[in-house]
Amino acid sequence: MSRALFNTTTSSSESTAEPEIDAGTEQTRRTLLLGALATTACLGCSTQVHAGEDPPGADERPQKGDLLVFSEGDREGKPIAAADLSVGGPPVHAWPKDPKTSVVRSASRLNEILIIRLDPAEFDEQTKARAVDGIVAYSAICSHAGCPVTAWMKSDVGDKEVLKCMCHNSEYDPRAGAQVVFGPAPRRLAALPLALADGSLSVAGNFLGKVGGVQPG
């Protein structure tokens with residue numbers, strides 16, 4: 001009888017103890033699982049923030065030694081060679097790229113560049129001094145309202161093709177330092193001296209002239 005009571009008591013004790021152990025184990029598992037999920041979520045957030053940031057130097061103006069790479073099209077990001085440009089145009093849109101860090105300076109639209117190849121015999125002396133193998137480079141941002149200069153077409157006031165901003169019809173002659181030949185633009189496009197190494201184009205100096213449009217106020 002006492003054995004039966006003992007067995008019953010022991011059984012009752014064991015059945016009471018086991019849920020307590022299971023509950024503790026389950027609580028530990030839940031804590032570990034929640035911790036892991038929280039860590040994963042934080043890592044995901046951190047990765048997302050870093051992925052959305054521009055690398056250091058991406059918004060800096062073109063610097064001497066930067067390579068010039070295509071800013072659009074199938075060859076975006078690839079170096080631009082002299083052979084990629086035909087004499088007489090059209091211009092190619094480019095970004096400067098730091099050759100040491102491989103950072104493309106595309107975080108600022110003011111860094112976009114127009115590169116065009118023309119007959120060097122048509123250049124004035126200042127333009128010829130900045131050119132290489134008949135190739136010249138200018139800011140792609142209109143000096144009037146800051147619109148992109150996108151067109152290469154016959155001038156409204158002459159028989160030569162010019163760089164043109166389609167926002168307000170400002171025209172620039174790349175043979176003469178991108179001086180304004182038509183429209184409301186108050187000044188020429190900023191020029192960028194070029195160099196050529198192993199067939200690829202690079203920056204030979206800082207922009208000459210102010211980049212961008214007239215600031216309001």
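## The one disulfide

Searching the whole structure turns up one disulfide, meaning a pair of cysteine sulfur atoms within 2.5 Å. This is a predicted model, where local features need pLDDT of at least 70, side-chain atom pairs count only at pLDDT 80 or more, and totals for chains, interfaces and linings use all residues. Residues are numbered from 1 along each chain as its sequence is written, and side-chain values use heavy atoms, with hydrogens and water left out.

So which cysteines pair up in the disulfide? They're cysteine 147 and cysteine 167, with an S to S distance of 2.4 Å. The pair ties together distant parts of the chain, 20 residues apart. Cysteine 147 sits in the loop between strand E4 (135-139) and strand E5 (151-154), while cysteine 167 is in the loop between strand E6 (161-165) and strand E7 (170-173). (Strands, E, are DSSP runs of at least two residues, numbered from the N terminus.)

Are the two partners buried or exposed? Cysteine 147 is buried, at 15% relative accessible area, whereas cysteine 167 is partly exposed at 41%. Here, buried means under 20% relative accessible area, exposed over 50%, and partly exposed in between (1.4 Å probe, protein chains only).

Cysteine 165 is in no disulfide. As for accessibility, cysteine 142 is buried at 1%, and cysteine 165 is buried at 1%.

Terms used:
Helix = DSSP H or I, 4+ residues; strand = E, 2+ residues; numbered from the N terminus.
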